[in-house]
Amino acid sequence: MSGVGSRSANGSASNASASLVIKLGGRALEAPGALAECAAALHGVAGRATLVVHGGGAEVSAWCERAGVRPRFADGLRITDAATLEIAAAVLAGLANKRLVAALRARGLDAVGLSVLDGGIARVRRHVNASVLGEVGEVAAVDASLLSSLLAAGRVPVLASLGDDGHGALLNLNADDAAAAIAAALPAGDLVLLSDTPGLVLDGEVVRSLSKDALDDTLARPDVIGGMRPKLRAAGVALAGGVERVHIAAWQGSNSLTAILDGTAVATTLHASHTSRPSHEESHA
């Protein structure tokens, strides 16, 4: 098992530099027809070894409300008590995962549904802020050998963001964090964090390009709040681990992935290295 941000255990991550890790959340999973659009989008990048990590926050919250459990959040992360954990596990590893796998397989993609805990993909520890967040974990190390084998065989691993503490207890994981740790361990060429936000918005504009070196200053800004903070922290983990580019973007239909990867989408792209002069957008940081 390798540490977060390091290479896979077998040292060869199935053409890792060309691989693509996609975190799906928000409308990419939950809007009417979104699963079919998502499957079409992934089919469009089938030439690259592709791995999917998914959340399911809105569906978890909806099932919590049905059960009379009030969804609560702190610093952009879900507070997970025992009742919320049971619902999250059922939704993430059950409904959300299997619906996505079924949609991908219907498009001819050989999707394999797993959770982050399956096969020892990740070693997870309780979150440093567990006293507030409850049954929430963070990835301590990743063994990418199983994922590398699946990618090398042309399969598409689809991972629910559910971990365990190594002693039989389940832990809810932030999907951005899980995707970043896995992307770093491969390492992937690109990590795409898809949700309902078009990217990092500063001074009323989407920051289109940001270098790794500018990340700390950006996180120190008081106007970077809510769910954007864990996304930026996750991006930093991925870039430090060898991922070349991290894209933070909103789902805009089946052409979203192509537009994000070729730079035509309105999105924030964070770069591991930036040798040219900062762009206008980067000056926000």
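**Salt bridges and nonpolar cores**

Arginine 48 is partly exposed, at a relative accessible area of 24%. In this predicted model, arginine 48 forms a salt bridge with aspartate 190, with 3.0 Å between the closest N and O atoms. The structure holds 13 salt bridges, and its largest nonpolar core has 46 residues.

Salt bridges

- The pair of aspartate 190 and arginine 48 links distant parts of the chain, 142 residues apart. Aspartate 190 lies in strand 12 (residues 190–195), and arginine 48 in the loop between helix 2 (34–44) and strand 3 (50–54).
- Aspartate 190 counts as buried because its relative accessibility is 5%, and buried means under 20%.
- Arginine 126 and aspartate 165 form a salt bridge, their closest N and O atoms being 3.8 Å apart. Arginine 126 is in strand 7 (residues 122–126) and aspartate 165 in the loop between strand 10 (162–164) and strand 11 (170–172), so the pair ties together parts 39 residues apart in sequence.
- Arginine 126 is partly exposed, with a relative accessible area of 36%.
- Aspartate 203 meets arginine 221 in a salt bridge (3.5 Å, N to O). Aspartate 203 counts as exposed, at 55% relative accessibility.
- A network of salt bridges links Lys23, Asp176 and Lys231.

Nonpolar cores

- Within the largest core, the residues with the most contacts are Leu159, Leu191, Leu232, Val246 and Leu270. Helix 7 (residues 175–185) gives the most to this core, with seven residues.
- Another core, of 30 residues, lies apart from it and includes Ala28, Leu100, Leu257 and Ala259.
- Beyond its neighbours within four places in sequence, leucine 270 is in contact with residues including Leu210, Leu232, Glu244 and Val246.

Terms used. Residues are numbered from 1 along each chain as its sequence is written. This is a predicted model: local features need pLDDT of at least 70, side-chain atom pairs count only at pLDDT 80 or more; totals for chains, interfaces and linings use all residues. Side-chain values use heavy atoms; hydrogens and water are left out. A nonpolar core is a set of buried Ala, Val, Leu, Ile, Met, Phe, Trp, Tyr and Cys residues joined through side-chain atoms within 4.5 Å. Buried means under 20% relative accessible area, exposed over 50%, partly exposed in between (1.4 Å probe, protein chains only). Helices (H or I, at least four residues) and strands (E, at least two) are DSSP runs, numbered from the N terminus. Contact means heavy atoms within 4.5 Å. A salt bridge is a side-chain nitrogen of Lys or Arg within 4 Å of a carboxyl oxygen of Asp or Glu.
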